[in-house]
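Q: I would like to go through the pockets of this protein. Could you take me through them one at a time?
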Amino acid sequence: MGIEVKNSGSFDSVDKYLSKVSSVYDYKKIDEIAKETVEKLSISTPKNSSKTANSWSYKLDTTREGFSLEFDNSNVQNGNNIAILINDGYSTSSGKWVSGEHYIEEPVREAYEKIMKETWEEIKKYGR
């Protein structure tokens, strides 16, 4: 004795809707959010010099699933990304611990939330 599942009807309308909304995003708005985030990262970076603050950039690419957004800081010394060391903390050569400033999370979280809000607004347009 087994379990039998029968289906009548079609999921065509659901498939059509999901196909439309799976790639809904406004590339220009996301690009603007990314530029704003790079500016916020630069402003919030602690400054002994301006090298780390001025080394922020982003890369926005389209993918099969939608898009990919990456933030980068190119200030690398001896194989160490200085922005990450400032953010997370590090040990000096004498063994002293320097606590992190935790300045990266907030601008990136804000960007994520803005992108989600913008995308949700676009998705809602398809429901009408």
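Q: Which residues line the second largest pocket?
A: In this predicted model, the second largest pocket is lined by Phe67, Leu69, Phe71, Val108, Ala111, Tyr112, Ile115, Met116 and Thr119.

Q: Which element gives the largest share of that lining?
A: That is α4, with six residues of the lining of the second largest pocket. Both β2 (67-73) and α4 (105-126) supply at least two residues each.

Q: How many nonpolar, polar and charged residues are in the lining of the second largest pocket?
A: There are eight nonpolar residues and one polar residue, with no charged residues.

Q: And what is the volume of the second largest pocket?
A: Its volume is about 160 Å³.

Q: Turning to the largest pocket, what volume does it have?
A: The largest pocket has a volume of about 410 Å³. It is lined by 17 residues, and those closest to its centre are Asn48, Thr52, Ile82, Ile86 and Tyr90.

Q: Which element gives the most to the lining of the largest pocket?
A: α3 does, with three residues. The elements that each supply at least two residues of this lining are α3 (82-88) and β6 (97-99).

Q: How do the residues of that lining divide into nonpolar, polar and charged?
A: The lining of the largest pocket has six nonpolar, eight polar and three charged residues. For the second largest pocket, the corresponding numbers are eight nonpolar, one polar and no charged residues.

Key
Residues are numbered from 1 along each chain as its sequence is written. This is a predicted model: local features need pLDDT of at least 70, side-chain atom pairs count only at pLDDT 80 or more; totals for chains, interfaces and linings use all residues. Side-chain values use heavy atoms; hydrogens and water are left out. On a 1 Å grid over the protein atoms alone, a cavity is a set of points where a 1.4 Å probe fits but cannot get out, and a pocket is an open set with protein on both sides within 12 Å along at least five of seven lines; lining residues have an atom within 4 Å of a point. Grid points are joined across faces, edges and corners, and a volume is the space filled by probe spheres set on the points. Helices (H or I, at least four residues) and strands (E, at least two) are DSSP runs, numbered from the N terminus. Ala, Val, Leu, Ile, Met, Phe, Trp, Tyr, Cys and Pro count as nonpolar, Asp, Glu, Lys and Arg as charged, and the others, Gly among them, as polar.
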